[in-house]
Amino acid sequence: MMNGQGKSDRRVVPAKSPNKAGPQTATEGMEGRLLAKGNLAQQNICRIQGRERMQSALGRVRQRAVRDKKLKFTSLMHHIASVDTLREAYYSLKRDASAGIDGQTWKQYREKLEENLQDLSGRLRRGAYRAKPVRRSYIPKADGRPRPLGVPVLEDKIVQYATVLCLNAIYETEFRGFSYGYRPGRNQHQCLDALYVGMLTKKVNWIIDADIRGFFDTLDHEWLVKFIEHRIGDPRVVRLMQKWLSAGVMEQGKWQAVEEGTPQGGVISPLLSNVFLHYVLDLWIEHWRRTQAQGDVIVVRWADDFVLGLQSKTEAERCLAELKKRLAKFGLALNSEKTRLLEFGCFAIENRKRRNQGRPETFDFLGFTHICGTKRSNGRYTVIRKTVRSRMSRKLQEIKVELRKRMHEPVPKQGNWLASVVGGFVRYHGVPTNWSAVMHFRYQIGRYWHFTLRRRSERKRINWDRMRRLIERWLPPVEICHPYPLKRMGVIT
């Protein structure tokens with residue numbers, strides 16, 4: 001900011017005083033330092049204080065949810081409509097995310113942030129808030145078919161995130177331990193480790209690799225509202241969710257009503273899906289395991305993808321049949337192309353060999369192919385995890401195409417981008433028994449980069465010795481980032 005005389009109006013923050021005692025000369029006095037450009041001290045202090053108040057309020061909600069598992073919360077809207085909660089939700093959103101149908105971005109909203117949040121809070125309290133349709137976009141799925149995504153407007157994202165913060169205080173005390181998808185403090189590797197530990201420590205001989213057909217597109221609104229009302233007795237919060245469910249979508253300038261499903265890409269969608277599957281699947285399988293199963297049963301779930309492990313084939317077939325009936329009751333169905341019952345476990349190798357059926361089948365889960373194998377050291381049974389081959393091939397092809405577009409960028413700029421790509425792949429896929437796949441990925445990236453640089457000029461070709469130095473300088477080395485699950489965690493699956 002500049003004042004009327006053209007001088008800077010930025011605040012000066014005093015530095016630390018010298019440690020010398022006694023009188024100080026002018027040269028020994030404190031020298032002020034300017035705040036970084038764009039760093040609004042008052043706004044930062046307001047955010048920190050607001051977060052403390054919000055966490056204290058939600059902490060009390062969580063304590064009540066823990067004490068009384070059947071309590072219905074009848075007064076939650078004031079937590080969601082709080083400016084402190086809305087501010088925290090705003091800063092938690094991605095700054096470069098796509099805009100909704102109104103075109104408003106995160107940076108534009110920040111220009112009058114406090115004024116905008118006060119206005120939004122007032123509309124929520126008065127009941128004047130209206131949800132806007134989501135913008136429909138598509139991304140390709142693994143099988144080549146388009147996956148529909150819904151992009152809400154920024155204010156809807158803020159209110160949805162504030163609602164998630166509030167409802168997580170309640171539902172995180174309800175959700176079961178084998179549910180991992182889109183929950184705070186949980187990630188894919190914890191889910192993978194739970195599955196690994198369960199298959200090694202329990203008597204699991206058969207696996208149900210299940211996938212719900214079009215779950216986010218076929219989720220029943222009426223059942224979802226009934227499930228939410230089990231714990232949420234505030235009608236204003238229930239109506240808020242109904243507004244998002246019935247807001248519809250905008251595609252090519254035309255509005256379309258939505259009578260079922262929740263748009264993928266919405267901030268609230270993961271929580272709604274977890275609530276729905278908590279009552280439809282999690283509680284049911286927990287009850288079935290306790291009352292119907294004769295042997296060991298393990299289960300892990302990531303959103304609508306889940307894996308069941310059972311001891312006998314008869315029990316696995318019975319569980320699968322009853323599971324289909326259970327899902328059909330709530331308007332869901334298993335994807336017959338992706339759902340399989342397969343023999344898998346410590347006895348599968350010998351049993352199939354005795355029946356001349358070859359090696360046990362494999363299954364894919366969260367980007368890894370799970371394989372029945374044996375340890376080199378002692379020949380004992382173990383689960384080998386490899387990167388799904390089709391996923392790696394598709395990723396390499398995408399990078400190859402992108403490198404072609406970046407052909408004439410400076411080498412350091414290309415190197416920084418490739419370093420982030422390889423680093424991300426190593427951090428996720430760097431698990432024991434997957435060293436060769438990660439090494440192959442890094443090697444292929446180096447080859448594609450070499451081809452790209454050679455095509456930039458016919459007169460000055462880059463030989464392999466120089467290319468190897470570039471690869472060693474820019475591409476992160478291959479390493480195992482995740483230890484063996486049995487060493488890292490002891491989980492109840």
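This is a predicted model: local features need pLDDT of at least 70, side-chain atom pairs count only at pLDDT 80 or more; totals for chains, interfaces and linings use all residues.
## Burial and an edge-to-face pair

Among the 16 aromatic pairs that the structure holds is the one between Tyr90 and Trp106, which is stacked, with 4.6 Å centre to centre and 5° between the planes. Tyr90 belongs to helix α3 (residues 83-92) and Trp106 to helix α4 (residues 106-110), so their pairing ties together parts that lie 16 residues apart in sequence. Tyr90 and Trp106 are both buried.

Phe227 and Phe276 pair edge-to-face, at 5.4 Å centre to centre and with 75° between the planes. This pair links distant parts of the chain, since Phe227 sits in helix α9 (residues 221-228) and Phe276 in helix α11, 49 residues apart.

## Aromatic cluster and charges over rings

Phe227 and Phe276 also belong to one aromatic cluster, together with Phe215, Phe216, Trp223, Tyr279 and Phe330. Over the ring of Trp223 sits the charged end of Lys226, 4.8 Å from the ring centre. Elsewhere, Arg186 lies over the face of Tyr180, 4.6 Å from the centre of that ring.

## Nonpolar cores

The largest nonpolar core has 79 residues, of which Leu76, Leu124, Ile158, Ile232, Phe276 and Leu308 touch the most other members. Helix α11 (residues 269-291) supplies the largest share of this core, with eleven residues. A second, separate core of 25 residues includes Trp417, Val438, Phe441 and Val478.

Setting aside neighbours within four places in sequence, Ile232 is in contact with Phe73, Leu76, Leu167, Ile170, Tyr171, Val237 and Val238.

Note on methods:
Residues are numbered from 1 along each chain as its sequence is written. Side-chain values use heavy atoms; hydrogens and water are left out. A nonpolar core is a set of buried Ala, Val, Leu, Ile, Met, Phe, Trp, Tyr and Cys residues joined through side-chain atoms within 4.5 Å. Buried means under 20% relative accessible area, exposed over 50%, partly exposed in between (1.4 Å probe, protein chains only). Helices (H or I, at least four residues) and strands (E, at least two) are DSSP runs, numbered from the N terminus. Contact means heavy atoms within 4.5 Å. Rings of Phe, Tyr and Trp (its six-membered ring) pair if their centres lie within 6.5 Å; planes under 30 degrees apart count as stacked, over 60 as edge-to-face and the rest as tilted. A charge sits over a ring if NZ of Lys or CZ of Arg is within 6 Å of the ring centre and within 35 degrees of the ring normal.
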